[in-house]
Amino acid sequence: MSLQKQTVVPDADAPVATYPSPVKEFWQAFSQNKGAVAGLVFMLVVVFAAIFAPLVAPYSPIEQYHDHLLTPPAWCEGGSRAFLLGTDEAGRDLLSRLIYGARMSLLIGLSSVVVALIPGVILGLLAAFFPRMIGGSIMRLMDVLMALPSLLLAVAIVAILGPGFINSIIAIAVVGLPAYVRLTRASAMSELNRDYVTASRVCGAGLLRLMFITVLPNCMAPLIVHATMSFSSAILEASALGFLGLGVQPPTPEWGTMLASARDYIERAWWVVSLPGLTILLAVLSINLMGDGLRDALDPKLKRIA
Amino acid sequence: MNLLEINSLSVAFGSTEKPFHAVDGLDLTVRQGEIVGIVGESGSGKSVTMMAMMGLLDGQGRITAERLQFDGKDLLTLGARERRRIVGKDISMIFQDPMTALNPSFTVGYQIMEVLREHLGLKGSALRQRALELMEMVEIPAAASRLDAYPHQLSGGMSQRVAIAMAIACRPKLLIADEPTTALDVTIQAQIMDLLVSLQQSQNMSLILITHDLAVISEIAQRVAVMYAGQVVELSRVPDIFLSPAHPYTEALLASIPEHSKGARRLSTLPGIVPGHHDRPVGCLLSPRCPYVQDSCRTVRPELTTTSAGAVRCHFPLSGKEA
Amino acid sequence: MFAFIFRRFGLLIPTFIGITLLTFSLIHMIPGDPIEVMVGERNLDPVMHAQAMHRLGLDKPLYAQYFDYIGQLLNGNLGESIKTREPVLKEFLTLFPATLELALSAMLFAAFFGLLAGVIAAIRRGKATDHSVMGLALTGFSMPIFWWGLILIMVFSNYLHWTPVSGRVDLAFDIPPRTGFMLIDSWLIERADPANFSGAFIDALRHLILPTIVLGTIPLAVIARMTRSSMLEVLKEDYVRTARAKGLSPFKVIFVHTLRNALIPVLTVIGLQIGTLMGGAVLTETIFSWPGIGKWLIDAIGSRDYPVIQSGLLMVATLVIVVNFAVDILYGVVNPRIRHAK
C-alpha cells in the first residue's frame with residue numbers, strides 16, 4: 001500500500017531546532033525581573049563597599065570627632081560637607097560606620113547561612129534516606145527547634161553563650177537549621193521515588209554517591225532560593241540581636257547595634273535613627289528581590305515564601 | 001442553518017514580537033442538532049479553540065477572528081456581561097478530568113443548583129427539584145442522597161455525570177465535550193459516551209466532541225475536523241474521511257487505529273512529535289514528519305482548500321484510491 | 001475526625017518532651033558555676049555553695065535532675081524569679097494578657113489587610129496595582145521591625161503627636177486589671193466610673209495602634225504574598241474554569257469558588273505566623289515599653305534571671321505548639337478532603 005512512501009530520515013540540511021542553553025535561559029528569566037536586577041546591582045555596590053571599606057570610607061568608623069557631635073547630614077541646615085551623612089552622638093562619621101557595618105552584617109549573614117546549610121543538607125539527606133529511626137528522630141529534634149520563635153531562640157542562645165560576633169553566627173545558624181533540614185528532606189524524598197534514582201541504585205551506586213551525586217543536585221533549586229532568603233533573614237536577625245544589645249558589641253560598627261542607642265535621639269537627630277535602619281531595609285529588600293527573581297528563574301513551581 | 005460559525009480564528013500567546021499561535025486561522029461551522037468531532041494529537045489546539053470561543057482564556061491569549069458567531073450573535077463584539085448570559089446557558093462545556101473539574105469545597109448539589117440559580121433564577125424547592133431531576137437524567141443512582149455529597153466522595157464516572165448534569169442544566173443549544181472520557185476507566189467510557197449521545201438526541205443539542213479517539217467519532221459524529229499544530233488540516237463528512245482521507249496526517253491517524261491495520265505485523269506510527277514553540281517549520285507544519293514530503297512543502301505553507309467532501313490543507317492531497 | 005485529632009495530638013508529645021529537654025539543658029549550658037550564676041556572686045562560701053547545690057538538687061546525676069524537673073513541671077512548679085522572688089508562673093500569667101492582646105490585634109490587622117492586598121494583587125495580576133502591592137509586601141517582609149517602630153514613633157508620636165509613645169494606657173488612668181486585656185478593662189471601668197475614667201478606652205486604643213502596626217507588618221506581608229500565590233494557583237484549577245464556563249460573574253468566581261480553596265494554605269501560614277509574632281513581640285514590646293512576655297524575657301536575660309528565662313521559654317514554646325496544633329485541626333475543618341480522610 002505504500003509504494004510512494006519514503007522513510008523519514010533526519011535531514012542534514014534541514015534547519016536544526018535550537019534550544020537556548022540553560023544558563024542563558026536562566027539569565028533571560030532572571031533579567032526580565034527588574035526588581036531582581038535592581039536588587040543585584042544594589043547588593044554588588046554594598047559588597048564592593050564592604051570589601052574595600054578602608055578605601056571607600058572617608059573616616060575610621062570608631063574615630064570620635066568631639067567638635068562634631070550629632071552633625072546633621074550635609075544637605076541639611078547645620079550640616080557639614082565633611083560628614084556626608086552626619087555624625088552620631090559620639091561624633092563618629094555615620095557614612096563610615098555604615099560602610100564598615102556592611103562588613104559585619106554581610107559576614108554574619110554569610111557565615112550563618114554556610115554554618116546552617118552544610119549540616120542542614122546532610123541531616124536532611126539522612127532523614128530522607130533513612131526515614132524510620134534516624135529520620136524520625138532528626139525531624140522531632142527539628143520540630144523542637146521550630147517550636148521556639150526564631151528570634152526568641154536566637155536571643156536565648158546568645159543569652160547562654162554570651163553576646164558577640166561568633167555567638168551571633170551560631171545562634172542564627174541554629175535558628176535557620178530546621179528549615180534546611182525540612183527542605184532538603186522534602187525534595188530528596190520526592191526525588192527518591194523517581195526512576196533515575198532507582199536506575200542508579202540498580203547500577204550499584206553507593207550510599208554517598210546516591211546522596212550527594214544522584215539526588216542532591218536535583219534538590220538544589222529550592223535550596224539556592226532558600227539560602228538567599230535566609231541570608232536576608234540572617235541579616236535581619238543579626239541586626240535585631242545588635243539592637244537588643246546581644247549582638248556585636250560597640251564600638252564595632254554594626255547596623256543593628258548602631259540603632260540600640262538611637263532611641264534617645266529620636267527627637268533631636270533623625271538621621272541617627274533613620275539611616276542605619278534604612279540601610280538594613282534596603283539590603284534585606286535587595287536580597288529578597290534577588291531571591292524572588294532566582295525562584296522565578298530556577299523553579300517556577302516553587303511557592304515557598306518565607 | 002449554522003448554529004456556530006467560526007472563520008479564521010487565531011489565538012496567540014507570548015510576546016507580540018514573537019507570538020506563538022496555538023490556534024492559527026481556524027474555520028469551523030456547526031449546524032443545529034449536529035455532532036461534530038475534532039481530532040488531533042495533544043497540543044494541536046483543540047481545547048484552546050473551544051476555550052477561546054467561550055471566552056475562558058482569561059486575557060492571556062490574544063484572540064482574533066474574521067467571524068465568531070453563535071446563534072445569530074457576534075461573540076467578538078459581545079460584552080463580557082452579555083457573553084456570560086450565553087456561556088453556561090446556551091453553550092456549555094464539559095472537561096476532560098472530572099476529578100478536578102468540580103470544586104472540592106462545595107457539595108455536588110450546590111454546584112448544580114448554582115447554574116440554575118444563575119441563569120434561570122430558580123429558588124427554593126423548585127431549584128432542588130430540578131437539580132434532582134438533572135441528576136436522574138444523567139442516571140446517577142440514589143440521586144437524592146448524592147446531592148449532599150462532596151466531589152471527592154464520588155468516583156470519576158459519577159463526577160463526570162455530575163459535570164454533564166451541570167452542563168445540560170439550562171438546556172443548552174450547543175454542548176462542547178472536551179475529551180469527556182479520556183480520564184475514565186475503559187468500562188465507564190462507553191456508558192458516558194452513550195449518555196452524551198442520548199442526551200444530545202433527546203434535547204436536540206448540537207455537540208462538539210473533542211477527542212483523539214477516531215473510533216468514537218466514526219460511530220457518532222456526522223462531520224469531523226482534523227487538527228494539527230493549531231490548524232485544521234482536513235474537514236470532511238464522517239464516512240468519507242474514513243474511506244478516503246485527503247491529508248497525509250489523517251491517513252497516518254487512521255493507520256494508527258488497531259482495527260485499520262489488520263494483517264500488518266506492527267501498528268503504524270507517525271514518527272516525531274507536534275512542533276512546539278521553538279521548532280515550527282517554515283513550510284507545511286507537517287513537512288518534517290510527512291512521508292510524502294516534497295521540496296515545495298518545506299518552503300511554502302499550504303492554505304485550506306475546499307474539496308468535494310470538505311476541505312484540506314495540503315499541496316498534494318491524497319487521491320483516496322489507496323486507502 | 002477524632003482519629004485525625006488523636007493522631008496529631010500523639011505527635012505533640014515527643015515535641016513537648018524535646019522542649020523540656022532543651023529548656024532543662026539550657027541551664028546546664030551556661031558557662032561557669034550554676035550557683036554563682038544564679039546568685040550572681042563570685043567566691044561563695046564552700047559550705048553555702050554545697051548547701052545550695054543540694055537544695056537545688058544539682059548534686060544529683062543529670063537524668064535524676066531531669067526527672068525532678070519534669071516532676072516539678074507536672075506539679076505546676078515553674079520555679080521562682082531570682083529578682084522578684086515571685087513564682088514564674090504567676091508572673092507569666094499576669095503579663096501574658098498584654099502580649100495576647102497585642103498579638104491578637106496585630107494578627108487581625110495583618111490578616112485583614114494581608115488577605116485584601118493578596119486578593120487584589122491576584123485579580124490585577126501583572127498590572128501596576130499588582131506590582132505596587134507586591135513591592136510594598138516585599139518591603140514589609142524585609143522590614144527591621146525595631147527600626148520601623150522607632151520611625152513610627154518619630155513621625156506619629158514625636159512629630160505629629162497623634163499617638164502616645166509607650167505603655168498600654170496613660171499613667172493618669174490607674175486601671176485595675178480584671179481580664180488583663182486593657183481594651184476590655186478600660187471599657188469596663190469607663191462604664192462603671194465615667195467621672196474619673198472618661199476617655200480611658202480611647203486612650204488604650206490609641207496606645208495599641210502603633211505596636212499593632214509594627215508587630216503586624218511582617219505577618220501582613222507574608223499573608224499578602226501567600227494569598228496572592230495561593231489565589232493564582234487556585235485560579236489555574238480546573239474547577240475555576242468550570243465555574244467560569246457556568247457563566248458566573250468574576251466576583252462569584254473569585255469570592256465563592258477561588259478564595260475558599262485558596263484560604264486553606266493561607267490559614268496554615270497565619271497559624272505559623274504565631275511564632276513570628278511571639279518573636280516580634282520581643283522587639284515590639286521592648287520599643288514600646290509594653291509590659292508583656294517579650295519585654296519580660298528580655299529584661300530577664302539582661303538581669304540573668306535564669307529561672308524566668310528557662311520557664312518563660314518553655315511556656316512560649318508550649319504556646320506555639322498548641323496554636324500550631326489548633327491550626328492543624330482547623331485546617332481539617334476547612335478542608336473537607338482531610339475531614340473525610342480515614
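## Two helices in chain C

Tyr239(C), Val240(C), Ala243(C) and Arg244(C) in helix H11(C) touch Val253(C), His257(C), Thr258(C) and Asn261(C) in helix H12(C), where contact means heavy atoms within 4.5 Å. Sorted by class, this contact has four nonpolar, three polar and one charged residues. Here Ala, Val, Leu, Ile, Met, Phe, Trp, Tyr, Cys and Pro count as nonpolar, Asp, Glu, Lys and Arg as charged, and the others, Gly among them, as polar.

H11 covers residues 238–245 of chain C and H12 covers residues 250–288, and their axes come within 10 Å and cross at roughly 170°. That makes H11(C) roughly antiparallel to H12(C). The crossing is right-handed.

## What the terms mean

This is a predicted model, in which local features need pLDDT of at least 70 and side-chain atom pairs count only at pLDDT 80 or more, while totals for chains, interfaces and linings use all residues. Residues are numbered from 1 along each chain as its sequence is written, chains are lettered from A and ligands numbered from 1 in the order in which they are written, and side-chain values use heavy atoms, with hydrogens and water left out.

Helices (H or I, at least four residues) are DSSP runs, numbered from the N terminus. Axes are lines fitted to C-alpha atoms, for helices over the stretch in contact, and angles run from 0 to 180 degrees between N-to-C directions. Angles under 35 degrees count as roughly parallel, over 145 as roughly antiparallel, 65 to 115 as roughly perpendicular and the rest as oblique. A crossing is left-handed if the near helix is turned anticlockwise from the far one by less than a right angle, and right-handed if clockwise.

## Another pair in chain C

H6 (residues 128–141) and H10 (residues 200–235) of chain C pack at an angle of about 140°, with their axes 8 Å apart. That makes H6(C) oblique to H10(C). H6(C) passes H10(C) in a left-handed crossing. The residues of this contact divide into eight nonpolar, two polar and three charged.

## A buried methionine in chain A

Met43(A) sits in helix H2 (residues 34–51). Met43(A) is buried, at 7% relative accessible area (buried means under 20%, exposed over 50%, partly exposed in between, with a 1.4 Å probe and protein chains only). Beyond its neighbours within four places in sequence, Met43(A) is in contact with Leu106(A), Ala283(A), Ser286(A), Ile287(A) and Met290(A).

## Cysteines in chain B

Counting a disulfide as a pair of cysteine sulfur atoms within 2.5 Å, the total over all chains is zero. Cys290(B) has its closest cysteine sulfur in Cys297(B), 6.3 Å away and so too far for a bond. Cys290(B) is buried at 9% relative accessibility, and Cys297(B) is buried at 8%.
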